[in-house]
Amino acid sequence: MTSTDSALTPFLSLSRDDLILWLKDVGVPAYRGNQIWSWVHQNCASSFDEMSNLPQELRDRLKSSFTLFQMEPLKHQKAKDNTEKLLLRLRDGEEIECVLMRETNRRTICISTQVGCAMGCTFCASGLLGLNRNLAKAEILEQIYRLDRLLKADERLTNIVVMGIGEPLANLKELLPALSTVHAEEGMNLGVRRVTISTVGLPGKIEELADTGLPYNLAISLHAPNDSLRTEIVPVNKNIGVEKLLAAADLYFEKTGRRVSYEYILLGSINDRPVHAQQLAALMKGRNAHVNLIPMNDVAELPFHSPSAPRTKEFERLLKEAGVNATVRKRKGADIDAACGQLRLNEQKQKADGAQIVTLKT
Ligand code: SAH
């Protein structure tokens with residue numbers, strides 16, 4: 001990136017109307033707008049030079065007004081199971097990460113919404129260094145488009161999970177416009193139902209999301225079946241409480257018709273006892289819900305560990321026996337620190353240790 005680039009407007013921050021206005025201003029016919037939009041939002045073009053059906057003069061004009069991709073890939077890792085992960089440096093030097101996961105019929109990407117996180121969950125690598133800032137719409141879209149470009153010709157993006165670094169509901173202002181660009185027919189045309197937003201559980205924001213009327217899948221990071229334990233491991237629970245959270249989730253289900261899923265990270269000897277399964281089952285009773293059990297991904301700095309496989313199975317069995325819809329989440333990309341925030345954290349640590357960053361161009 002040259003120093004002049006930073007004065008340019010990120011193209012991905014534009015709405016279609018913004019583009020139409022700009023074209024009018026520079027005296028270019030409006031139909032060019034469709035071509036440009038489709039290059040950017042359907043073909044995920046990374047530069048204006050790729051736009052082969054535009055006159056050179058227009059490409060130059062775009063280049064002198066806008067930047068397209070503005071992040072720098074610092075790392076591109078590929079796991080044995082073909083999960084791929086990008087560590088991206090933003091224009092202001094901050095770093096975020098995003099992931100592409102491959103399953104038989106699914107190509108799911110996991111994106112970040114903030115630089116760091118303010119929620120302070122005790123087992124999570126993303127929040128260890130606090131929150132620096134929200135990501136902008138353009139930065140959210142660029143993650144999606146960069147990951148899409150990693151797909152092979154015969155692969156198609158099928159799902160987005162907003163489960164990367166940050167609390168998505170604390171940044172709805174930038175997240176929703178980014179997603180609506182992706183849902184649009186003139187964009188990737190990816191259905192709202194193919195997107196899952198994961199939240200620590202902020203009731204007011206859950207209501208705000210429900211009020212959009214858009215049927216996003218909502219995943220709530222519950223992680224504990226009672227207030228004292230939840231407040232211990234998910235500190236924001238102190239001012240919320242499980243009851244209020246579940247009430248917001250019920251309202252979300254009523255308004256959108258989407259079954260809410262509850263994430264429950266299993267932390268050995270902390271929230272994995274039979275009594276916790278019983279309490280969790282009692283909370284889920286009568287709710288059309290799904291519980292996703294997540295074995296803890298070890299984070300070197302943190303004193304928590306995933307329970308053994310038999311203990312995990314037993315927890316799942318107890319839930320099922322009590323009539324709860326429960327599954328254990330498959331681990332993806334375990335050999336590349338694919339749990340959110342781990343790669344960034346390791347990078348920050350290395351920097352603090354004065355180690356060199358290896359720059360891989362993708
Ligand atoms: N802030 C949002 C979304 C980002 S975290 C939320 O809390 O849901 C996405 C999911 O990963 C959450 O369920 C979170 O609790 C979980 N998670 C965080 N650290 C983890 C770890 N070390 N191992 C496994 N899951 C983790």
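**Getting to know this chain**

Student: Is Thr327 buried, partly exposed or exposed?
Tutor: First, a word on the model: it is predicted, so local features need pLDDT of at least 70 and side-chain atom pairs count only at pLDDT 80 or more, while totals for chains, interfaces and linings use all residues. Residues are numbered from 1 along each chain as its sequence is written, and side-chain values use heavy atoms, leaving out hydrogens and water. Buried means under 20% relative accessible area, exposed means over 50%, and partly exposed is in between (1.4 Å probe, protein chains only). Because its relative accessible area is 34%, Thr327 is partly exposed.

Student: Which residues does Thr327 touch, leaving out those up to four places away in sequence?
Tutor: Contact means heavy atoms within 4.5 Å. Asn292 is 35 residues away along the chain, yet its C-alpha atom is separated from that of Thr327 by 5.3 Å. The residues touched by Thr327 are His290, Val291, Asn292, Leu293 and Glu316.

Student: What separates the C-alpha atoms of His276 and Asp211?
Tutor: His276 lies in helix H9, residues 274-284, and is buried at a relative accessible area of 6%. Its contacts, not counting residues up to four places away in sequence, are Pro225, Leu229, Tyr264, Ile270, Asn271 and Phe315. Asp211 is 65 residues from His276 along the chain, and their C-alpha atoms are separated by 33 Å.

Student: Are helices H6 and H8 roughly parallel or roughly antiparallel?
Tutor: The axes of H6 (residues 203-211) and H8 (residues 242-256) come within 9 Å and cross at roughly 0°. Angles under 35 degrees count as roughly parallel, over 145 as roughly antiparallel, 65 to 115 as roughly perpendicular and the rest as oblique. H6 and H8 are therefore roughly parallel.

Student: How many residues of the contact of H6 with H8 are nonpolar?
Tutor: On the H6 side the contact includes Ile206 and Leu209, and on the H8 side it includes Leu245 and Tyr252. Of the residues of this contact, 4 are charged, 1 is polar, and the nonpolar ones number 8.

Student: Which phi value does Cys44 have?
Tutor: Cys44 sits in the loop between helix H2 (31-41) and helix H3 (56-65), and it is buried with a relative accessible area of 0%. Its phi is positive although the residue is not glycine, with a value near 55°.

Student: And what is phi for His223?
Tutor: His223 is found in the loop between strand E11 (217-221) and helix H7 (227-233). Its relative accessible area is 5%, so His223 is buried. Phi is again positive in a residue other than glycine, near 65°.

Student: What radius of gyration does the chain have?
Tutor: The chain has 11 helices and 14 strands, and 54% of its 362 residues count as buried. The radius of gyration is taken over C-alpha atoms, and the globule rule is 2.2 Å times the number of residues to the power 0.38. With 362 residues, a compact globule would be near 21 Å, and the chain agrees, with 21 Å.

Definitions and conventions: Axes fitted to C-alpha atoms, helices over the stretch in contact; angles between N-to-C directions. Helix = DSSP H or I, 4+ residues; strand = E, 2+ residues; numbered from the N terminus. Nonpolar A, V, L, I, M, F, W, Y, C, P; charged D, E, K, R; others polar.
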